[in-house]
Amino acid sequence: MALEQTAELSLTHSEPQVQNRLSMVVFSGDMDRLMAAFIIATGAAASGMEVTMFFTFWGLQAIKKRTSTGRSLFGRMLSVFLKDITGVGPSKMNFGGLGRWMFKKMMKAHNVTPLPELRKLAAELGVRMLACQMSMEVMEIRREDLIDEVQDVVGVATFLEEASRSKITLFI
């Protein structure tokens, strides 16, 4: 390719303008990682940043209603393991559910905002919550299985466009 053509291409494909935004992929459905994601999101939103959270695979538990999902045998089997935000457990020391109970007690004793309230606060602060279309299809989760605060169900291209204009991009 000639030097002139390279220069022309770089002029026509300008970089997106980076703005005061935070874009976050929420892949994990573990309580401690969801806590971190929502604490960062609410902190960024409270400080004036535009925040987008893209929930994919196990992260969808944070925005899923307490309902059974799945149409096929495998989808219904998977539904047994898909919790809502109140049923997720910690990544370590779950102890068959006892760890979740223990951490909730410890967080309450230290005045830590519970996960459902952090999610509500995020919505109130204008955090955009997007669900991954492909993950929902694979895991047989329908749009009506998600909480009302989810703005849209989108593909990865939509998230990448959002992330390309963000000052900060995180994967949790």
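Ser91 is found in the loop between α3 and α4 (98-109). Helices here are DSSP runs of H or I with at least four residues, strands are runs of E with at least two, and both are numbered from the N terminus. Because its relative accessibility is 28%, Ser91 counts as partly exposed. That class lies between buried, under 20% relative accessible area, and exposed, over 50% (1.4 Å probe, protein chains only). Leaving aside residues up to four places away in sequence, Ser91 touches Asp30, Asp32 and Arg33. Contact means heavy atoms within 4.5 Å. Ser91 and Lys65 are 26 residues apart in sequence, and their C-alpha atoms are 21 Å apart in space.

This is a predicted model, in which local features need pLDDT of at least 70 and side-chain atom pairs count only at pLDDT 80 or more, while totals for chains, interfaces and linings use all residues. Residues are numbered from 1 along each chain as its sequence is written, and side-chain values use heavy atoms, with hydrogens and water left out.

Now to strand β2. This strand spans residues 50-55, and five of its six residues are buried. Six bridges join β2 to strand β1 (residues 19-26), and the two run parallel. Strands pair if DSSP finds at least two bridges between them. Val26 stands opposite Phe55 in β2. Strand β3 (residues 128-132) also pairs with β2 in the parallel sense, over four bridges. There, Met53 stands opposite Met129 in β3.

What has the most contacts inside the largest nonpolar core? Phe38, Val51, Met53, Phe55 and Ile63 do, in a core of 35 residues. At least two residues of this core come from each of β1, α2, β2, α5 (115-124) and β3. The largest share, eight residues, comes from α2. Such a core is a set of buried Ala, Val, Leu, Ile, Met, Phe, Trp, Tyr and Cys residues joined through side-chain atoms within 4.5 Å. Phe55 touches Val26, Phe38, Leu60, Ala62, Ile63, Met129, Leu130, Ala131 and Cys132, not counting residues up to four places away in sequence. Another core lies apart from the largest one; its seven residues include Val25, Leu130, Cys132 and Val154.

Aromatic rings come next. The whole structure holds four aromatic pairs. The rings of Phe54 and Phe159 have centres 5.0 Å apart and planes at 20°, so this pair is stacked. The pair links distant parts of the chain, with Phe54 in strand β2 and Phe159 in helix α7 (residues 156-164), 105 residues apart. Phe54 and Phe159 are buried. Rings of Phe, Tyr and Trp (its six-membered ring) pair if their centres lie within 6.5 Å; planes under 30 degrees apart are stacked, over 60 edge-to-face, and the rest tilted. Ring pairs also link Phe27, Phe57 and Phe171 into a cluster.

Phe57 has a backbone feature too. Its phi is near 40°, a positive value in a residue other than glycine. Most residues other than glycine have a negative phi. Phe57 lies in the loop between β2 and α3 (73-79). Glu140 also has a positive phi, near 55°. Glu140 sits in the loop between α6 (133-138) and β4 (152-154). Why does Glu140 count as buried? Its relative accessibility is 13%. Phe57, at 27%, counts as partly exposed.
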